[in-house]
Amino acid sequence: MNPCACGWLGHPKRGCKCGPSELLRYAAKISGPILDRLDLQIEVCALTSEELLAASHGEPSAAVRSRVLTAREVQRSRGYLNAQLPAPALREHCLLDGTGRQLVQTRSTAAA
C-alpha cells in the first residue's frame, strides 16, 4: 500500500504533497479494514532508478522450483504440509536451531 494518498511520502527524490491532516485521515482509512488483517508489516523504501538498473538478475525459476519441491517432499514425508501442521506437532518439527535462537535473542534485545 502507498504510505500516503499521493504515494510519495518518504521517497528519496520526490516530495509528499499531503498535509498532516491528510496523512492522519489516510492512515485511519487504511488501518481499520486492511492493517487489522495483516500479521506482519514491513516498510519497503522506494528504489532509485540507479538501484533498479543495477539489480542482479536473480536466479532462474527452475532453481527456485527445485528448492520448493524438495521442501514440499520433506513436509509430505513427515505427514503434514506446513499449512496443515497441527499445533502440538510444532514443538516436534519446528524447533529453533542455534542460529535461530541467536536471531530471536538478538532481535528481542534490540527491540527492548
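Colleague: What relative accessible area does lysine 13 have?
Modeller: This is a predicted model, in which local features need pLDDT of at least 70 and side-chain atom pairs count only at pLDDT 80 or more, while totals for chains, interfaces and linings use all residues. Residues are numbered from 1 along each chain as its sequence is written, and side-chain values use heavy atoms, without hydrogens and water. Buried means under 20% relative accessible area, exposed over 50%, and partly exposed in between, with a 1.4 Å probe and protein chains only. Lysine 13 counts as exposed because its relative accessible area is 59%.

Colleague: Which residue forms a salt bridge with lysine 13?
Modeller: A salt bridge requires a side-chain nitrogen of Lys or Arg within 4 Å of a carboxyl oxygen of Asp or Glu. For lysine 13, the closest N and O atoms of the pair are 3.6 Å apart, and the partner is glutamate 50.

Colleague: How many residues apart are lysine 13 and glutamate 50?
Modeller: Helices are DSSP runs (H or I, at least four residues), numbered from the N terminus. The salt bridge with closest N and O atoms 3.6 Å apart links distant parts of the chain, since lysine 13 lies in the segment before α1 and glutamate 50 in helix α2; the separation is 37 residues.

Colleague: What distance separates the closest N and O atoms of arginine 67 and glutamate 59?
Modeller: The salt-bridge count comes to 2. Glutamate 59 is partly exposed, with a relative accessible area of 43%. Its closest approach to arginine 67, N to O, is 2.8 Å.

Colleague: Where does isoleucine 42 lie?
Modeller: Isoleucine 42 counts as exposed because its relative accessibility is 66%. Its place is in the loop between α1 (20-31) and α2 (49-54).

Colleague: What accessible area do Leu40, Ile42 and Val44 have together?
Modeller: Patches take residues with over 30% relative accessible area and no salt bridge, joining like charges within 9 Å and nonpolar side chains (Val, Leu, Ile, Met, Phe, Trp, Tyr) within 5 Å. Areas come from the Shrake-Rupley method with a 1.4 Å probe. Leu40, Ile42 and Val44 form a nonpolar surface patch, and their accessible area together is about 390 Å².

Colleague: How much space lies in the largest pocket?
Modeller: A pocket is an open set of points on a 1 Å grid where a 1.4 Å probe fits, with protein on both sides within 12 Å along at least five of seven lines; lining residues have an atom within 4 Å of a point. The lining has 17 residues, of which Met1, Pro3, Ile42, Glu43 and Val44 lie nearest the centre. The space in the largest pocket is about 490 Å³.

Colleague: How far apart are the C-alpha atoms of leucine 47 and serine 61?
Modeller: Leucine 47 lies in the loop between α1 and α2, and at 48% relative accessibility it counts as partly exposed. Leucine 47 and serine 61 are 14 residues apart in sequence, and their C-alpha separation is 23 Å.

Methods:
Grid points are joined across faces, edges and corners, and a volume is the space filled by probe spheres set on the points. Helices (H or I, at least four residues) and strands (E, at least two) are DSSP runs, numbered from the N terminus.
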